[in-house]
Amino acid sequence: MLATLILSELPAAGLASVRAPGPPVVGLASWYGREFHGRPTTSGEPFDMYALTAAHRTLPLGTHVRVTNLENGRHTVVRLTDRGPFVDGRIIDLSYSAGRALGMTGRGVVRVRLEPVDGSGAAWRAPAWRAPGRQVAWAPEGSHRAAGAGPER
């Protein structure tokens with residue numbers, strides 16, 4: 001059920017666009033801000049809550065990811081600078097600015113679709129395992145598992 005994403009150039013944006021033979025990764029996103037602002041990230045750079053950055057557990061740091069809020073259709077591109085989220089059921093932690101761009105800062109947690117945009121398709125794989133007793137942190141779009149991917153905290 002693992003899908004490798006095939007990427008093609010998107011000249012207008014100067015980034016790559018995703019042409020996926022399989023479904024994109026869908027799950028819950030949250031955002032973080034003021035309490036971490038200025039603290040070092042895993043990449044070594046200070047966290048800037050006003051930059052379009054995010055934390056992901058496994059994708060390479062520096063990867064650019066298109067994040068789409070499935071509740072309102074808004075999307076943004078973030079650069080991965082940190083590791084996380086460390087809450088079960090979530091697949092990405094966004095900076096305050098990224099959360100604001102997606103229109104999710106009032107809610108805190110929303111369902112999103114993640115797609116790589118910078119040629120990082122080789123590293124883009126859905127997890128092949130699920131730890132016992134944990135809720136699914138990802139599911140293919142349209143899957144019955146995606147709607148119940150985890151509690152909103």
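**Figure 1. The whole chain and its surface.** The accessible surface of the protein chain comes to about 7900 Å², and carbon and sulfur atoms account for 53% of it. Accessible areas come from the Shrake-Rupley method with a 1.4 Å probe, and for residues only the protein chains shown count as cover. Please keep in mind that this is a predicted model, in which local features need pLDDT of at least 70 and side-chain atom pairs count only at pLDDT 80 or more, while totals for chains, interfaces and linings use all residues. Residues are numbered from 1 along each chain as its sequence is written, and side-chain values use heavy atoms, with hydrogens and water left out. Two helices and nine strands make up the elements of the protein chain, in the order β-β-β-β-β-β-β-α-β-β-α from the N terminus. Helices (H or I, at least four residues) and strands (E, at least two) are DSSP runs, numbered from the N terminus. Of the 153 residues, 46% are buried, where buried means under 20% relative accessible area, exposed over 50%, and partly exposed in between (1.4 Å probe, protein chains only).

**Figure 2. Confidence along the chain.** The average pLDDT of the protein chain is 73, and 61% of the residues score at least 70. Over residues 1-22 the pLDDT is below 50, and this stretch has 45 contacts in the model beyond near neighbours in sequence. Residues 126-153 stay under 50 as well, with 52 contacts beyond four places in sequence. Here pLDDT is the predictor's confidence in each residue, from 0 to 100, and contact means heavy atoms within 4.5 Å. Where pLDDT is low, the predicted coordinates should not be read in detail.

**Figure 3. Strand 4, seen through Thr53 and Ala55.** Thr53 sits in strand 4 (residues 53-55), and Ala55 belongs to strand 4 too. Thr53 is buried, with a relative accessible area of 5%; Ala55 is also buried, at 1%. Beyond four places in sequence, the contacts of Thr53 include Phe47, Val78, Leu94 and Ala98. Ala55 and Thr41, 14 residues apart in sequence, have C-alpha atoms 8.9 Å apart.

**Figure 4. Tyr32 and its partners from elsewhere in the sequence.** Tyr32 is part of strand 3 and is buried, with a relative accessible area of 11%. Leaving out residues up to four places away in sequence, Tyr32 touches Phe47, Ala55, Asp82, Asp93, Leu94, Ser95 and Tyr96. Tyr32 and Asp93 are 61 residues apart in sequence, yet 6.7 Å apart from C-alpha to C-alpha.

**Figure 5. The second largest pocket.** This pocket has a volume of about 260 Å³. Its lining has 18 residues, with Tyr32, Phe36, Asp82, Arg83 and Asp93 nearest the centre. Strand 3 (25-32) and strand 7 (90-95) each supply at least two lining residues. By type, the lining divides into eight nonpolar, four polar and six charged residues. On a 1 Å grid over the protein atoms alone, a pocket is an open set of points where a 1.4 Å probe fits, with protein on both sides within 12 Å along at least five of seven lines; lining residues have an atom within 4 Å of a point. Grid points are joined across faces, edges and corners, and the volume is the space filled by probe spheres set on the points. Ala, Val, Leu, Ile, Met, Phe, Trp, Tyr, Cys and Pro count as nonpolar, Asp, Glu, Lys and Arg as charged, and the others, Gly among them, as polar.

**Figure 6. A cis peptide bond at Pro85.** The bond from Gly84 to Pro85 is cis, with omega near 0°. Pro85 lies in the loop that runs between strand 6 (75-82) and strand 7.
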